[in-house]
Amino acid sequence: MDYGMLPISNAQLTLSLVLILIAGLVSAFLKLGLLKSLVWGTIRAFAQLMLIGYTLAYIFEINRLSVIIPIILLMCLIATIEASKRIDAPGQKLTLLTFSALSASTFLVGIIVVTVIIGPEPWYSARVMIPIFGMILGNSMNAVSLALDRMYSEVRSHAAEVEELLCFGALPWEAIKIPARKAIKAGMTPILNSLMVVGLVSLPGMMTGQILAGADPREAVRYQFVVMVMIAAAVAIGCLIVVGLAYRKMFTPDDLALTEDMRHSH
Amino acid sequence: MPTFFAFHNLTYHIKPQNRFISASGSIQAGKALALRGPSGSGKSTTLRMLARLTSPASGEIIFKDQSWHTIPSTIWRTKIHYLAQMPVMFEGSVLDNLRLPFQLAHNKKELRFHLEDAETLLTATGLAVTILEQDARSLSGGEAARVALIRSILVNPTLLLLDEPTAYLDATAKQKVQALLISWLQQPLERAIIIVSHADDDIEAFPDVQTLEM
């Protein structure tokens, strides 16, 4: 069987714009007022992808750890900013702890996958490291923001229960145990769901990509499996770290009582 | 004379209204102190400050001649125990709820749960012993309020801070709870109660009760 990548020529690329025209027509026809966003979105997507395409080609060419690590840290930073935006916790400074959770879980699991499981030569091959770390990070980012958001909303809506436990002499971690469990569960649910349905309901993007690029589907599924379990591991670690770091901020430093922000729902 | 429990110029700053609540008072062992005043005068906030659930801007609390700063807040709250007005019931049966405090790390070492004590208290407050098996979240307001009070008494605090303890109770249950609190005070152990209540009979039920106007 012939597994070969079919390249897309410039003409074919231009042709794909026809598809945007369809979306544009729908928008115009239904007066959705989305035309401007659609045009801008298309331009941005094209520019961003071209940029990253050429950048990646360049980085793969250099293939040096001193370049790869800063790039991954930058990715962690961008993921942190994105994750923080999605958390409803006014007055809380969560950037540092989100960054710590994301980078710790990503590096820990990413290094294990790259060195032990995939084992390219050299081990820090940018072609392997950047996509792998990127996939972990994308998923951890979602999980961490879900977990943190849930944690804050749970504690706020159950502040009376947390305080009741404190009144019985509970330490902060004991008082917060139920919300923390719910938060970690909320962060892990998406990956657990995908583990259940992968291959039946959806073919993951990475696997689809490999198949389109000419890989043997039997090889692609092996990669996909590794990717999914590594995501599950990173998500679990990331949620655990972020919840472990965040709960302390919900208590006053001297009296270990719930802070005012946590007692009053916004 | 040694100080059993006293608080001096305990001040709280209500930021949105830029208003201050301030309270001073003291209480002897075996006695009850009632905080009185109109709504919004800071009675509940004072109780919360005494329980160290709300941090005061300034002030001092003395418990058995010791400054509050010398006692860790988690231990403090088991001795100076606050019972919120709205009863809090956790998932599980009433029995699970009564046992819950005994499962906390600090209490495991110091306290033991005795079913007979729980049953005695249930009967004293007019609840059937069979309620132990019931889902705690299905209790009526009056039942939950009594279960919450029993849970607080079972952990054997030294000072009970009660915020409207009879607000959810009918006349019969109310009398029983008042009688229970009075007999709890009269035990040979050193105990005291600070109570916030809009019901005069709650306050007057205690023999030689002191009042603090807020």
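**Figure 1. Confidence of the predicted model, chain by chain.** Chain B has a mean pLDDT of 93, and 100% of its residues reach 70 or more, where pLDDT is the predictor's confidence in each residue on a scale from 0 to 100. For chain A the mean pLDDT is 90, with 98% of its residues reaching 70 or more. Among the elements of chain A, the lowest mean pLDDT, 86, belongs to H12(A), and the highest, 96, to H7(A); helices (H or I, at least four residues) and strands (E, at least two) are DSSP runs, numbered from the N terminus. For the complex, the predictor gives an ipTM of 0.95 and a pTM of 0.86. This is a predicted model, in which local features need pLDDT of at least 70 and side-chain atom pairs count only at pLDDT 80 or more, while totals for chains, interfaces and linings use all residues. Residues are numbered from 1 along each chain as its sequence is written, chains are lettered from A and ligands numbered from 1 in the order in which they are written, and side-chain values use heavy atoms, with hydrogens and water left out.

**Figure 2. The interface of chain B and chain A.** The contact (heavy atoms within 4.5 Å) takes 26 residues from chain B and 20 residues from chain A. About 2,100 Å² is buried between the two chains, and carbon and sulfur atoms give 56% of that area; buried area is the accessible area, found with a 1.4 Å probe, that two parts lose on being put together, summed over both. Across this interface there are eleven residue pairs in polar contact, both residues being at pLDDT 80 or more. A polar contact is a pair of N or O atoms within 3.5 Å; within protein, one must be able to donate a hydrogen and the other to accept it, and residues adjacent in sequence count only if both atoms are side-chain atoms.

**Figure 3. Salt bridges across the interface, and the side of chain B that touches chain A.** Four salt bridges are found across the interface of chain B and chain A, each being a side-chain nitrogen of Lys or Arg within 4 Å of a carboxyl oxygen of Asp or Glu. B:Arg137 forms a salt bridge with A:Glu161, and their closest N and O atoms are 3.8 Å apart. On the side of chain B that touches chain A, the elements giving two or more residues are helix H2 (73-79), strand S6 (80-83), helix H4 (105-110) and helix H6 (141-154) of chain B. The largest share of this side, four residues, comes from H2(B).

Figure 4. The side chains of A:Arg150 and A:Glu154 meet in a salt bridge, at 3.1 Å from N to O. The two residues are four apart in helix H6 (residues 126-157) of chain A, and are therefore separated by about one helical turn. A:Arg150 is partly exposed, with a relative accessible area of 33%, whereas A:Glu154 is buried, at 9%; buried means under 20% relative accessible area, exposed over 50%, and partly exposed in between (1.4 Å probe, protein chains only).

Figure 5. A:Glu163 and A:Arg263 meet through their side chains in a salt bridge, at 3.5 Å from N to O. A:Glu163 lies in helix H7 (residues 159-167) and A:Arg263 in helix H12 (residues 260-263) of chain A, so the pair ties together parts that are 100 residues apart in sequence. Both A:Glu163 and A:Arg263 are buried.
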